[in-house]
Amino acid sequence: MTERAAGMAYRAIVARQVIGAPMRSVTLAPSLVADMAGYLRAHGVDAEAVCLRAGAHGPAGADASRRISGDVMAALWREAGEAASDPDLGLHTGFNFQPGALDIVGYVMLSSATAFDALRRGARLVRLLNDGLALDVERSATETTCRVRRLDVRHSPLFEEPRQMIETLLGGVVYQLRLLTGRPLIPRVVRLRHAAPSHGATEHARLFGVMPEFGASEDAVVLDNSDLDITLRSANPNLLTAFEGHADAALRALEQSATLSERVVREIVNLLKGEAPPIAAIARALAISTRHLQRGLAHEGTTYQVLLDEARRELAVRHLAAPDATVAKVAWLVGFSEPSAFHRAFRRWTGHSPRTVPVG
């Protein structure tokens, strides 16, 4: 085993030991399950049986308002891939999204003025589809990059083998833009962090129109601005206002569904750099008094110090898994001004030193 492989194996072991941290759990829109079921039926697969085995309760009688847990979705990807004998299931479903799969996000994009406007607005709302991921859209003079970013959420099987999830998301972006513009849009570049599949990547090249760069430093598609500056025939300012109002209400409802502990951890993560944020700073961010915050956490059976400690622990393990991580950098990212203090805390959390194996 190489030194690098040993390091990765060690960090995987430590990551499995770091359980119970109060990060927010991942949930996904039920419309994605319905779309998956439709795709399976169209290819002669018993979709109801697949959903039942995955714990998705079958698409036929599913509650359309009930979000799907990340763990269930991970099981659904696995069961569906096996049932369909399709190792590229995520890629294929991404390039076959039906209009209803994106729900209100799709209606917002459809009503937007231009393809770039649709991409920008859709990216802002992607949490409604999968609240464990974000899409960052960056535009330069000639091209636009759309990057996938994992949010700070509780560990889930969904992220253990993320290839299908990432490929369906980026494939879906390209496919929807093709539908909106009516053009055979081909990205300049497709970058994927995971390795090329063992069976080859001819399907990737066929569907994207370009061979992806596998083993890249990010998951992203790079698009020509000329393809995105097209005015959409479906543009409708009045409907856009109505649809975005509905989407914003759905985002607020999703936000409010989080427990107080989850909201506190999210604010801790936002403010954690160089020093640990005091409870008063978190209370201000949540627009409540410190006393109210303390009482609310006590009602949930925890304290601010417990949440702070556990958030730092999980983030430390996650950051140390990055190829370019250094102990000093990670210590600062999780709120320690001195690496020595981070060393002591990390050993207390995991029973290991962050220097047990080389990081990198």
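How many cavities of 30 Å³ or more does a search of the whole structure find? I ran through the whole structure and recorded one cavity of 30 Å³ or more. I note at the outset that the model is predicted.

**Entry 1. The cavity**

I looked up the volume of the largest cavity and noted about 390 Å³ of space. I then listed the lining, which comprises 25 residues; the closest to the cavity centre are F97, L102, L129, T168 and L169. Helix 8 gives the largest share, six residues.

**Entry 2. Confidence**

I checked how far the coordinates may be read. The average pLDDT of the chain is 85, and 88% of the residues score at least 70. Two stretches I marked for caution. Over residues 1-22 pLDDT stays under 50, and the model has 40 contacts beyond four places in sequence for them. Residues 58-64 also stay under 50 in pLDDT, with 11 contacts beyond four places in sequence.

**Entry 3. The chain as a whole**

I recorded 17 helices and seven strands. The chain has 360 residues, of which 51% count as buried. Among contacts with a separation of 6 or more, I noted that 70% are accounted for by residues 24 or more positions apart.

**Entry 4. Cysteines**

I looked for disulfides, and the count comes to zero. A disulfide is a covalent bond between the sulfur atoms of two cysteines. I also looked up the accessibility of two cysteines. C51 counts as buried because its relative accessibility is 0%, under the 20% cut-off. C146 has a relative accessible area of 0% and is therefore buried.

**Entry 5. H204**

I located H204 in helix 9 (residues 202-208). Is H204 buried or exposed? With a relative accessible area of 0%, H204 is buried. I then asked which residues H204 touches, not counting those up to four places away in sequence. I listed D88, L91, R163, E167, L192, P197, G209, V210, P212 and F214.

Terms used
Residues are numbered from 1 along each chain as its sequence is written. This is a predicted model: local features need pLDDT of at least 70, side-chain atom pairs count only at pLDDT 80 or more; totals for chains, interfaces and linings use all residues. Side-chain values use heavy atoms; hydrogens and water are left out. On a 1 Å grid over the protein atoms alone, a cavity is a set of points where a 1.4 Å probe fits but cannot get out, and a pocket is an open set with protein on both sides within 12 Å along at least five of seven lines; lining residues have an atom within 4 Å of a point. Grid points are joined across faces, edges and corners, and a volume is the space filled by probe spheres set on the points. Helices (H or I, at least four residues) and strands (E, at least two) are DSSP runs, numbered from the N terminus. A disulfide is a pair of cysteine sulfur atoms within 2.5 Å. Buried means under 20% relative accessible area, exposed over 50%, partly exposed in between (1.4 Å probe, protein chains only). pLDDT is the predictor's confidence in each residue, from 0 to 100. Contact means heavy atoms within 4.5 Å.
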